[in-house]
Amino acid sequence: MSLQERDKKHIWHPLTQHKIHPDALPIVKAKGAVLYDEQGKEYIDGIASWYTAMYGHCNNYILSKVTAQMQQLDQIVFAGFTHEPAIQLSEALMAILPKNQQKIFFSDNGSTANEVAIKMALQYHYNNNEKRTTIIAFENGFHGDTFGAMSASGLSVYNGPFTDFFIDVVRIPTPNASNIDDVLGALKKHVATKKIAAFIYEPLVQGANAMHMFEAAHLNEILKICKANQVLCIADEVMTGFGKTGKKFASEYIEEQPDIISLSKALTAGFVPMAITTCTQKIYNAFLDDSVGKAFFHAHTYTANPIACSVALAAIELLNSEEIQRNIERITAQHQEFNKRIKTHSKIKATRQLGVIYALDLNIDMDRYGNKRYKIFNTLMSHGVCLRPLGKTIYILPPYVITNKQLEKVYSAIEKLLEIV
Ligand SMILES: *Cc1c(COP(=O)(O)O)cnc(C)c1O
């Protein structure tokens, strides 16, 4: 039996309608920016495997660090015990995070990072004897697939079976030059009429919402109103974190700083799953009390797994390196050149870029998970390039180690695609 047939026997894939969607493609190896299938055919990973493997797949530096850690300490209960990789990671993160962040709390993935953030915000007000039970979120934001994160996600078009069980969320549109006054007005009304605990947002770029981008100045106005009304600001930097926007965190573009930040994806560079929720000293202090009842009773078995921490630590060392910082500038400049060459193409409706994130909207009609999407995906794959279209949007978010030549191959595959859509 082929790998594909064995896969089909027992495996249920995510975001997949198994009755109609094509079979999964086995990948046997990955190195740097390249994926290899069973036949040895190469594909450039133009989205760094959902923006995780930003330092390249199976990065040698991370490999050396993680193999050493695996021989030293694999796992230890993090309630009552601690270890050097977690401590070093906390120090490395504090050196690059917005200055108001002081404490880090571990979990397993982007959804749980946001779940923790939301629970932290709700309990912060509860511990302060204030009843605040509603969350504000952007329309079309994405924060994950667990219940709290899913409730906050406006993009939940396929979440019909669960909507009866959502936590209380109200929404505002993402701001732009023409709607900003209405958005601020709607926000003020929510804040005045409801018990708002927190505002959760993806700063500047909404990944799952087809890389929709908005202005830092507009977001700053929103955050100011939240801050003035004791609404905790939760920056979901699961996608935007660790250099992708051209700064280490997208929040650095914005004056008002978040109270809580969610991190995952590139945190562990594609090696193992882990997430971190960071917060200010003020939030942490609200959980300190002589009674145990005010403590934060949230834990996952693998909290702060030492192997995952050692990966994250090595990844931050790479992010801080001159080489990776130069690569980010190089890719940013190369995207700009590509944009000049392609933006007026008749098949393109709009393009946008921030740092190494580049997106273009096709000027055609299609469904998010419809057949045309698979045709576009397959065409790009036939040219040796792996990109996952989000509806009509094709985006590139390559590993920082991608070479100019590899990136040119990605652009050229898109140009060939434009000839046939
Ligand atoms: C991917 C993502 C999540 C969810 O992370 P998972 O690890 O898939 O649970 C949450 N927020 C944003 C902005 C994301 O991009």
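The model is predicted, so local features need pLDDT of at least 70 and side-chain atom pairs count only at pLDDT 80 or more, while totals for chains, interfaces and linings use all residues. Residues are numbered from 1 along each chain as its sequence is written, and side-chain values use heavy atoms, with hydrogens and water left out.

**Around the ligand**
- The residues surrounding the ligand include Asn 109, Gly 110, Phe 142, Glu 202, Asp 236 and Lys 265, where a residue counts as near if one of its heavy atoms lies within 4 Å of the molecule.
- Polar contacts are pairs of N or O atoms within 3.5 Å; an oxygen atom of the ligand is 2.8 Å from a polar backbone atom of Gly 110, and a nitrogen atom of the ligand is 3.4 Å from a polar backbone atom of Phe 142.
- Taken alone, the ligand exposes 380 Å², of which the protein buries 82%, with areas computed by the Shrake-Rupley method using a 1.4 Å probe.

**Helix 8**
- Helix 8, residues 216-228, has 13 residues and reaches 18 Å from its first C-alpha to its last; helices here are DSSP runs of H or I with at least four residues, and strands are runs of E with at least two.
- Among the buried residues of helix 8 are His 218, Leu 219 and Ile 222, buried meaning under 20% relative accessible area with a 1.4 Å probe, protein chains only.
- These buried residues pack against elements including helix 7 (180-193) and strand 10 (232-236), contact meaning heavy atoms within 4.5 Å.
- Just after helix 8, Gln 230 takes a positive phi of about 55 degrees.

Notes:
Expected span 1.5 Å × (residues − 1). Buried < 20%, exposed > 50% of the residue type's maximum accessible area, 1.4 Å probe, protein only. Polar contact = N/O pair within 3.5 Å; in protein donor to acceptor, adjacent residues only side chain to side chain.
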